[in-house]
Amino acid sequence: MVMATPQEKKEQQQSSPQVMAPDGGWGWVVVGALFVASALVFGLIRSLGIFFVEFVQYFGESAQAISWITSIGVAVQQLFSPIGTAACNVYGARPVVMLGGFLSGLGFILASQATTLSHLYLTMGLISGIGWALVFTPIIASVMQYFTTQRTLAMGLGFTGIGLASFAFSPLFQYLVEVYAWRGALLILGGISFNMIGCGALIRPIANTKAVVKAKTSSNHNKCSRIYECFEISLLSHRGFLTYTLAITFFNAGYFIPYVHLVAHSRHIGFSEYQAAFVISVTGVADIVGRVVSGWASDLGKMRMPHMLVVWTGLLGIFLLLIPFGVTYSGLLVVSVAYGFCAGAMTPLAFAVVPEIVGMERMLGALGLLQLLESIGVLLGAPISGWLKDYTGSYTASFVVAGSFLVLGTLITLTLPHFWSRTSPSAPSPKSSQDASIEDGLMKQPLPSVPEKLYPLDDIPYSDKEWCDSRLTEEEMTGNAIIP
């Protein structure tokens with residue numbers, strides 16, 4: 001097949017109208033991909049507590065040492081999120097997500113052959129963590145490309161995979177451990193994680209809606225400026241962003257502790273393996289309900305999203321403090337359900353508040369940078385909790401500290417600029433086209449909605465880079481970035 005010249009491409013683009021996200025169509029398939037991917041990333045992470053006791057018994061290590069496995073994985077996922085976002089913008093989401101799915105599965109397969117705890121750090125922690133980073137943020141950006149007015153609904157439906165997986169994976173993993181031991185169970189988890197490769201393959205570019213900034217210049221200043229804009233480094237001097245980042249860091253320090261130690265705590269106080277796994281399962285169901293209720297309440301517009309966020313995070317901190325008081329099985333279930341509901345309710349709001357702070361056009365860069373900085377909380381939260389268990393002999397102090405982290409993060413959120421205003425502040429002024437970052441093309445929606453136009457599969461290049469190279473114009477060759 002003969003490829004059209006760049007000039008012919010330019011003429012075709014001038015004769016075809018610019019389109020925006022279609023709010024449906026193939027977008028719902030991409031939402032399904034987000035559902036599966038979110039289940040196989042954070043839904044799986046939440047259920048790794050099943051392996052906690054097995055690792056402690058097999059390797060003979062402390063709870064603190066075992067806790068580093070999950071902490072390293074989640075921290076690496078957040079640490080590499082800006083790189084995943086940048087790679088998505090340069091090469092397209094499809095190859096990036098597919099590579100991430102491969103690395104995620106590879107990490108678990110290699111972990112099944114681990115002989116020391118450091119092997120688990122490198123495989124489940126580092127390799128799978130990098131894979132999760134290349135999957136999670138890029139696939140979120142892909143869903144955003146397909147939706148405008150229904151974006152919140154689409155994101156909410158996609159994220160319900162986390163709660164459903166929390167319900168299904170805990171008893172499943174417990175069964176796999178009993179039948180195949182922890183090595184066989186990790187091998188099966190690796191195979192399941194490879195399904196994210198298929199999720200990446202479902203992502204298709206939308207005609208004329210994804211802007212690619214391409215500038216070929218020998219100027220070092222221009223190259224540095226591109227990197228500066230791509231990663232939104234200017235947000236490091238943004239007071240509201242820094243305040244919110246600090247709050248989210250404390251949220252993350254306490255948020256994941258129950259998913260790491262709740263199963264071990266349940267068995268420590270005398271409940272069976274399946275009773276402990278069921279606690280996580282009902283927490284996952286409550287998580288799903290919490291997401292739906294939170295989205296519905298947010299759509300009512302009765303409260304500003306930052307105000308709703310502090311309500312849920314404050315309640316979440318309180319219920320974490322109450323977990324040690326659930327000494328009977330029914331009491332533990334009640335507190336865990338309340339915890340799961342609030343944990344699910346706060347999650348979509350934690351993402352939704354970001355545009356109100358930095359503006360929609362800088363949201364993607366802000367999300368990548370936010371996850372990079374908040375990884376400190378994830379990295380330290382569970383190990384601190386494990387150290388407290390080793391020092392005190394129980395998990396009471398661990399959950400008290402986890403709840404305190406959530407309460408402290410809530411208090412920091414109260415100091416956000418314009419927090420005490422009843423109405424949302426006006427959105428930050430859009431950046432000019434000369435200062436627009438790569439993310440701007442993903443988020444701008446300049447025209448009324450029209451039916452979606454998808455490239456035929458045979459005509460889609462493997463990467464957006466090849467597609468971009470065929471569209472270079474004389475202006476781009478002189479160093480001026482063009483945003484269609």
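Predicted model: local features only at pLDDT ≥ 70, side-chain atom pairs only at ≥ 80, totals over all residues.
Reader: How are H3 and H12 set to each other, roughly parallel or roughly perpendicular?

Author: Take H3 as residues 50-59 and H12 as residues 257-268. Their axes come within 7 Å and cross at roughly 70 degrees. The range for roughly perpendicular is 65 to 115 degrees. H3 and H12 are therefore roughly perpendicular.

Reader: Which residues in H12 does H3 meet?

Author: H3 passes H12 in a right-handed crossing. From H3 come Ile 50, Phe 52, Val 53 and Glu 54. Their partners in H12 are Val 260, His 261, Val 263, Ala 264 and Arg 267.

Reader: How do the residues of that contact divide into nonpolar, polar and charged?

Author: Glu and Arg count as charged, Val as nonpolar. The contact of H3 with H12 has six nonpolar, one polar and two charged residues.

Reader: What volume does the largest cavity have?

Author: Cavities of 30 Å³ or more are counted here, and there are six. The largest has a volume of about 340 Å³.

Reader: Which helix gives the most to its lining?

Author: The lining holds 21 residues, and those closest to the cavity centre are Asn 252, Phe 256, Thr 347, Phe 351 and Glu 374. Helices H2, H8, H11, H15 and H16 each give two or more residues. With five residues, the most comes from H15.

Reader: How many residues of the lining are nonpolar?

Author: Four residues of the largest cavity's lining are polar and three are charged. The nonpolar ones number 14.

Note on methods. Residues numbered from 1 in each chain as written. Heavy atoms only, no water. 1 Å grid on protein atoms, 1.4 Å probe; cavity = no way out; pocket = protein on both sides within 12 Å on 5 of 7 lines; lining within 4 Å. Points joined across faces, edges and corners; volume = space filled by probe spheres on them. Helix = DSSP H or I, 4+ residues; strand = E, 2+ residues; numbered from the N terminus. Axes fitted to C-alpha atoms, helices over the stretch in contact; angles between N-to-C directions. Parallel < 35°, antiparallel > 145°, perpendicular 65-115°, else oblique. Left-handed = near helix turned anticlockwise from the far one by under 90°. Contact = heavy atoms within 4.5 Å.
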